[in-house]
Amino acid sequence: SRGIRRGIMIHLEHSIIIKSNIEKVYNIASKIEYFPYFMPHVKTSRIIKKQGNKREVEMSAVVNGIKSHWISASTTEKNKKITYKQIKGVCKVMGGEWRFNKIPEGTSITLIHNFDVGFSIIGKLIGGIVIKKWVNKYSLLTLGAIKERAERRK
């Protein structure tokens, strides 16, 4: 044995339909620095580097009483998608996309996560279950908060 650890990638997708135009929905979802103002689970979110459509963001959140902190890099394509990759955080690998689609009812957002907890086999099983639960809950809370904000009348 050479001690090589093979990663177990976990793929999760969450979608929501929002009765609002794609421009408004994308605008809310892409302004990640405002998440703490309308998402109770997001404690901090600040852009630490920005150049054109690329940025690095430092965030922290509390889900089920567990504090988590990470730094991610993202690339935005206006009204289409946001691609992100964790630079520093709880997982060995974490990345994915936010996809925005115009539909007759308004806008559909799909939030995709691909991650590997990076632990030993037992750790992967336990960590995978815990992180999967956390990502499921966080994704639904995030999409729900964006929906509520986008559908609010001004």
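Two strands pair if DSSP finds at least two bridges between them. Helices (H or I, at least four residues) and strands (E, at least two) are DSSP runs, numbered from the N terminus. The model is predicted: local features need pLDDT of at least 70, side-chain atom pairs count only at pLDDT 80 or more, and totals for chains, interfaces and linings use all residues. Residues are numbered from 1 along each chain as its sequence is written, and side-chain values use heavy atoms, with hydrogens and water left out.

**Strands 2, 3 and 4**

Strand 3 pairs with strand 2 (residues 42-51) and with strand 4 (residues 66-77). Arginine 55 of strand 3 has lysine 50 opposite it, and serine 74 in strand 4 also stands opposite arginine 55.

Asparagine 79 lies in the loop between strand 4 and strand 5. Its phi is also positive, near 60 degrees, in a residue other than glycine. Most residues other than glycine have a negative phi.

**Burial**

Buried means under 20% relative accessible area, exposed over 50%, and partly exposed in between (1.4 Å probe, protein chains only). Strand 3 is mostly covered, with seven of its ten residues buried. In strand 4, serine 68 counts as buried because its relative accessibility is 12%. Setting aside neighbours within four places in sequence, serine 68 is in contact (heavy atoms within 4.5 Å) with Met59, Ser60, Ala61, Val90 and Trp134.

**The largest nonpolar core**

A nonpolar core is a set of buried Ala, Val, Leu, Ile, Met, Phe, Trp, Tyr and Cys residues joined through side-chain atoms within 4.5 Å. The largest one holds 36 residues, and those touching the most other members are Phe35, Met59, Trp98, Phe100, Ile109, Phe115 and Ile146. Two or more residues come from each of strand 1 (10-18), helix 1 (22-30), helix 2 (35-38), strand 3 (54-63), strand 5 (81-88), strand 6 (93-103), strand 7 (106-116) and helix 3 (121-151). Helix 3 gives the most, eight residues.

Apart from neighbours within four places in sequence, phenylalanine 115 is in contact with Ile8, Met9, Ile10, Leu12, Cys91, Val93, Met94, Ile131, Lys132 and Val135.
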